[in-house]
Structures are given as structure tokens and as C-alpha cells.
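I opened the model today to look up its pockets, cavities and charged pairs. My notes follow the structure.

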Amino acid sequence: MTTHALQFTLETVDDSAVLGQSFLAVDGTGAPAIAYVVGTATGAAVRVARRQNSHWTHEDTGGFAAGDDVRISLSFDSGGGPHIAYRDGNSDNAIFGTRRDEGWSLEEIPTQAGLFVRSAADVSMQIEPNLNDPPFADTPTVGYRDGFNGDSAAVARKVGGSWQISGVDAPSDVRTGLSLAFDSSAGLRLAYFQGFDDGSPEIPQPLKLAQEEVSDAGDTHPPTFVNGVIDPHMRAAESVSMARGLFSEVLVAYADVRTRTVRAWSSSLGSEPRIEVVAEGNDANGPRFPSAAGDPHQTLFIAYLDDGQVVLARRGPAGWTSQPVATGDGWPSLEFGKDGTAHLAYGTGTLMYARGTVSPG
């Protein structure tokens with residue numbers, strides 16, 4: 001079977017003082033939206049841009065994000081309403097935001113037993129897919145590191161108006177990345193690094209994967225998780241991204257700050273998991289900030305940075321192949337629509353959007 005490269009068209013989304021990180025999601029109509037950070041006189045403000053009728057609209061949420069160390073999360077509910085989550089720049093607490101008719105409504109997530117608000121890191125959120133499951137469909141689900149309890153990994157779910165907290169993993173001293181994702185059957189997983197980071201290549205920071213346990217009695221909330229190491233050889237981890245909405249595949253993209261390599265851990269139904277180097281690197285190449293996604297055919301993709309270029313890698317029968325997309329140096333964020341269109345956000349000092357379709361021929 002011949003594999004055709006994606007043909008991209010580029011658009012400027014926002015030419016304000018846009019900072020590095022962004023997160024792209026596709027709504028139920030197939031239109032892209034991007035949550036990102038702009039610099040203001042009072043701090044790093046959280047903004048959402050949506051592409052509707054071939055034009056971009058921009059809206060400030062009223063929130064101020066913490067440093068450029070983890071992606072803001074953006075997700076849509078079944079009614080098309082957008083939601084965001086991030087770490088607050090003033091309090092370091094986890095923030096969840098919802099867009100209502102009157103504007104954005106923001107709230108702090110209680111990280112301790114659902115009662116107390118403590119500092120959090122590595123906030124990652126997705127709205128639970130609507131699977132005709134009235135009690136839990138459209139449930140806001142947020143993964144984070146609880147800074148009050150030695151950076152232990154946890155999940156908060158808002159059910160019936162109240163936040164329920166589940167422990168995922170024991171305390172760890174590192175804050176290097178966490179990514180939460182539902183698969184197409186609403187199975188919940190978190191990918192994250194664990195271990196003490198003193199900058200030494202001898203100290204391991206293993207990549208771990210946690211999965212929600214399914215009870216024989218049916219779904220229960222708050223959920224419980226089982227976790228394990230999937231890459232024990234990581235050192236000096238940079239960032240991690242897990243693909244959303246896949247059916248029979250799991251894809252985790254991650255980067256090593258020491259070697260600057262981009263790696264992929266993938267698992268498919270009926271086969272052994274594998275770890276592959278997607279892109280070689282060295283210290284001169286700078287951060288990679290990989291973003292994982294899958295298209296409707298379950299083809300695996302990773303967008304990443306490579307020495308001032310945004311690059312898209314695709315996994316085929318012979319392994320990973322890459323194509324340059326555009327010049328850029330801000331965190332890329334990749335998602336596919338149900339029609340197979342690739343949507344990619346990235347930075348050049350301004351916020352950019354690339355729309356990719358299969359070229360004819």
C-alpha cells in the first residue's frame with residue numbers, strides 16, 4: 001500500500017505576544033480550537049482560539065497560567081462546550097475552566113481527598129467521552145501531581161457537582177511530565193515519569209503507565225488504578241504526550257532532555273509493546289516537545305521540534321518516517337479529525353495552525 005505525505009496549509013492564529021505552549025483539540029463539528037498562553041502586563045494569560053467559518057476567534061478566559069513547563073489541556077463535551085485545565089500562575093493550584101453562555105467560569109480543583117486545595121503540577125485533562133452512560137458521560141477528568149504529598153500522581157473527577165480524588169501512584173520527587181488520555185471506549189490511562197531528577201544521567205526517571213481498573217460490578221467512581229514501568233531506561237526526561245481516542249492502540253511520545261531523542265512506546269491488541277527511537281538528537285537541537293495522535297485508521301503520528309523545524313513523524317510497516325511541516329519553535333500540538341484531517345498548532349513567536357490532508361496522486 002502506498003503511503004502519501006500530508007499536504008499542509010498554514011495560517012496565523014494570533015500574532016500577539018504568544019508564549020511557547022499550546023494545546024489543540026477538535027470539536028464535534030471537526031473544527032479546531034487551541035488553548036494557549038499570551039504574555040500580558042499582569043502575567044501569562046490563558047486564551048482560547050476557535051476556527052469557525054474559515055476565521056479564527058480569540059477569547060481570554062480570565063486565567064493566568066504558571067510557567068511554560070506543561071501543556072494547558074483543552075477538551076470538548078458532547079454538547080460542543082470547551083473546557084480547559086492548567087496550573088495557576090499565582091497559587092500553583094490546579095484550575096478547571098468551563099465556557100458557558102456568559103463567559104468562562106474557573107474553579108480550583110481540591111487535590112486533597114476532594115476537600116482541600118493544594119499546589120499541583122503537570123495538570124492534564126480530558127472530558128470523558130459520551131458513551132450513552134448518563135452517570136459518567138461528559139465527566140471532567142483531571143490528572144495531576146499533588147505537590148502537597150511529595151508529588152504523588154492523582155486523578156480528580158467531577159461527578160454530580162463534586163470532585164472525587166483517586167490516588168494513582170506513590171510520591172515522587174520529580175516534576176517532568178504527565179499526560180492523561182481516554183481511548184475510544186472511555187478507558188482511562190496516564191503516562192508519566194517518576195524518580196528524583198538531579199540532572200545526573202545515572203539517576204533513572206522511568207516512564208510509567210497507569211490504567212484504570214475495571215470492576216466486575218461495573219464502573220465505580222472514584223476509580224482505582226494499576227501502574228507499572230514501561231521504559232526503565234529513561235534518564236533526564238523532558239516531556240510526555242499520550243494519544244487520545246485510539247481503539248486498539250496505545251501511543252506514548254516522550255523525549256530525553258539529555259540525548260534529545262524522541263521516543264515512542266506503543267502497544268496494540270494482540271502484540272507485545274515496543275519502544276522505538278522516532279528521532280535522533282543531540283544537545284544542539286534543543287527541546288523536542290513531542291505530541292502524539294492517531295488518525296481514524298489507527299495510524300500513529302508524532303509531531304515534534306527539530307532545530308527550528310516542526311516535523312511530523314508517521315509510523316508505517318517499515319518504522320517511523322518524518323516530513324518537515326514548517327519553521328517553528330513553540331510546542332507543537334497534533335490532533336486528527338474524524339475525516340482524517342490533521343490539525344497542528346505550533347509557535348513561531350506567533351501562534352500558527354497547519355491543516356494537513358493527503359496529497360493527490
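**Set-up.** I am working on a predicted model, where local features need pLDDT of at least 70, side-chain atom pairs count only at pLDDT 80 or more, and totals for chains, interfaces and linings use all residues. Residues are numbered from 1 along each chain as its sequence is written, and side-chain values use heavy atoms, with hydrogens and water left out.

**Largest pocket.** I took a pocket as an open set of points on a 1 Å grid over the protein atoms alone, with protein on both sides within 12 Å along at least five of seven lines; a cavity is a set where a 1.4 Å probe fits but cannot get out, and lining residues have an atom within 4 Å of a point. Points are joined across faces, edges and corners, and volume is the space filled by probe spheres set on them. The largest pocket comes to about 860 Å³. I find 30 lining residues, with Val26, Gln126, Gly245, Phe336 and Lys338 nearest the centre. Strands S2 (18-26), S6 (73-76), S10 (120-127) and S26 (330-336) each give two or more residues to this lining. Strands here are DSSP runs of E, at least two residues, numbered from the N terminus. The lining splits into ten nonpolar, eleven polar and nine charged residues. For these classes, Ala, Val, Leu, Ile, Met, Phe, Trp, Tyr, Cys and Pro are nonpolar, Asp, Glu, Lys and Arg are charged, and the others, Gly among them, are polar.

**Cavities.** My search of the whole structure returned four cavities of 30 Å³ or more. The largest cavity holds about 300 Å³. Its lining has 28 residues, and Phe23, Arg71, Ser179, Val240 and Ser241 lie nearest the centre. S18 gives the most to this lining, five residues. By class I get 14 nonpolar, nine polar and five charged.

The second largest cavity has about 70 Å³. Asp183 and Arg189 are among its lining residues. S19 (249-256) supplies the largest share, three residues.

**Salt bridges.** I counted 17 in the whole structure (a side-chain nitrogen of Lys or Arg within 4 Å of a carboxyl oxygen of Asp or Glu). Asp183 and Arg189 turn up again here, paired at 3.2 Å between the closest N and O atoms. Are these two buried or exposed? Arg189 is buried at 14% relative accessibility, and Asp183 is buried at 12%. The cut-offs are under 20% relative accessible area for buried, over 50% for exposed, and partly exposed in between (1.4 Å probe, protein chains only).

Glu276 and Arg315 meet at 2.5 Å, N to O. Glu276 sits in S21 (274-279) and Arg315 in S24 (309-316), 39 residues apart. Glu276 is buried at 16%, and Arg315 is buried at 15%.

Arg288 pairs with Asp306 at 3.4 Å. Both lie in loops, so the pair ties together parts 18 residues apart in sequence. Arg288 is buried at 0%, whereas Asp306 is partly exposed at 27%.

**Polar contact.** Arg51 is in S4 (43-52) and is buried at 18%. Its side chain makes a polar contact with the side chain of Glu11 at 2.7 Å. A polar contact is a pair of N or O atoms within 3.5 Å; within protein, one must be able to donate a hydrogen and the other to accept it, and residues adjacent in sequence count only if both atoms are side-chain atoms.

**Hairpin.** S8 (94-100) and S9 (103-108) run antiparallel, joined by six bridges. Two residues lie between them in the hairpin. Arg100 has Gly103 as its bridge partner.

Note on methods
Helices (H or I, at least four residues) and strands (E, at least two) are DSSP runs, numbered from the N terminus. Two strands pair if DSSP finds at least two bridges between them.
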